Each structure stands twice: as C-alpha cells, then as structure tokens.
Amino acid sequence: MARILALEPPFTPDVEAQLATMMPAGVPPIGLFRTFARNLPMTIAMSHWGRYELGRDLTLTLREREIVILRTCARCGCEYEWGVHVMVFADRAELSPAEVTSLTCGSPEDPCWTAGREAMLIRMVDALHDSCDVDDELWQSAQELLDERQLLDVLLLCGWYHAICFAARTARVDLEPGAPRFADITAA
C-alpha cells in the first residue's frame, strides 16, 4: 500500500501543466510522477534532469541507457521503475527476453551479452551498487570502451535511478497496470 498517495485528477492547473511536460501528449501521468507532484517545486526541478537522462543529449545509446537503468532498478529491487522501463522501452531498445532476464537476475557473463561494452556497463552498475565505486581495473576497462562524457553519463544515470528507486520503493508507489513484474521474469 502506498505510503504517499499519488495525486488523482482533477489536478490543479499548475500540477496539470507540470505533469503534461513529463508525459507524451495524450498519455496520462504515471503514478510515480503523480506522487512526486505532491512536492511540485521538487518535481519541476527534477524533471529537467530526467529529460536529460532520457533525452537525445545523453551520450549513451537508447539500448545502453536501458541496460544501465534496468540493471540498476533490478539491483535496487524496484519492481515499479523496472516494470515501467521494461513496458515502455525494452522493445524500443531491442532488448531480447533473455537480455531482460539477465539484467533482472543474471550476470554480465550470461551468453546473451556478446558485446563487451554492454557487459562492461552491467559490471559498472553492479560495482556502483555494491560498493558505490568502480575499482581501478574495471575503470581502465571502461575507459577503453567509453569516453569521459560517456563515463560521466553512466555514473550519473546509475545514481539518478538509484534515487528514483529509493523514492518509488520507500513511498510504495502502486505498480502500473499492465507493467511486467519480477515474477514474470523469474518464473520464465
């Protein structure tokens, strides 16, 4: 049960305007955004960063971005945000069911990861999650595959989704209707 209830329509004009900037036209706002809207100044401030993380200026490809996000959400145990990203972005990012399963409960050594850069991204997320750091050996490997801008994007993308996961889990945001569940993956 939600600890902080998501706002429900009708929204005040300022909330309506902000939520409209956070979703594609004609798509109702997801529960997480309606929960965040309880603190509108925070929501306005964070939406700018969120647009960067999901936008064209991010130096990672859509596929790489979703590898980082799905692994971060899975490692944080955040079924809400993981499910939203599987539902909305996994197909667009051309992630196979085996890759989604691996990101959820597998390892970078799984046979589905044939691109060294993708396995390295998973290793970076795991290191950041486990120790809040990347050791020198992994960093050197990452530097061989990513430039400085990309490295910074990976670090901040992972950290951003840790924050999103902390908020979604702790507020107990209700799962989105139709979004996949962890059990859908672990039972497969």
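**Aromatic pairs and cysteines**

User: Does tryptophan 82 count as buried or exposed, and at what relative accessibility?
Analyst: In this predicted model, the cut-off for buried is under 20% relative accessible area. Tryptophan 82 falls under that cut-off and counts as buried, at a relative accessibility of 0%.

User: How far apart in sequence are the parts tied together by tryptophan 82 and phenylalanine 182?
Analyst: The structure has two aromatic pairs. In the pair of tryptophan 82 and phenylalanine 182, the ring centres are 4.9 Å apart and the planes stand at 50°, so the pair is tilted. Tryptophan 82 lies in α5 and phenylalanine 182 in α10 (residues 182-186), so the separation of the parts they tie together is 100 residues.

User: Which residue lies over the face of phenylalanine 89?
Analyst: Phenylalanine 89 is one of the buried residues of α5. At 4.7 Å from its ring centre, over the face, lies arginine 65.

User: How many disulfides does the structure hold?
Analyst: A disulfide needs two cysteine sulfur atoms within 2.5 Å. For cysteine 76, the nearest cysteine sulfur is that of cysteine 165, 4.3 Å away. For cysteine 132, the nearest is that of cysteine 158, at 9.2 Å. Neither cysteine 76 nor cysteine 132 is in a disulfide, and the total for the structure is zero.

User: What is the relative accessibility of cysteine 132?
Analyst: Cysteine 76 is buried, with a relative accessible area of 11%. Cysteine 132 counts as exposed, since the cut-off is over 50% and its relative accessibility is 70%.

Conventions
Residues numbered from 1 in each chain as written. Predicted model: local features only at pLDDT ≥ 70, side-chain atom pairs only at ≥ 80, totals over all residues. Heavy atoms only, no water. Phe/Tyr/Trp six-rings, centres within 6.5 Å; stacked < 30°, edge-to-face > 60°. Helix = DSSP H or I, 4+ residues; strand = E, 2+ residues; numbered from the N terminus. Buried < 20%, exposed > 50% of the residue type's maximum accessible area, 1.4 Å probe, protein only. Lys NZ or Arg CZ within 6 Å of the ring centre and 35° of its normal.
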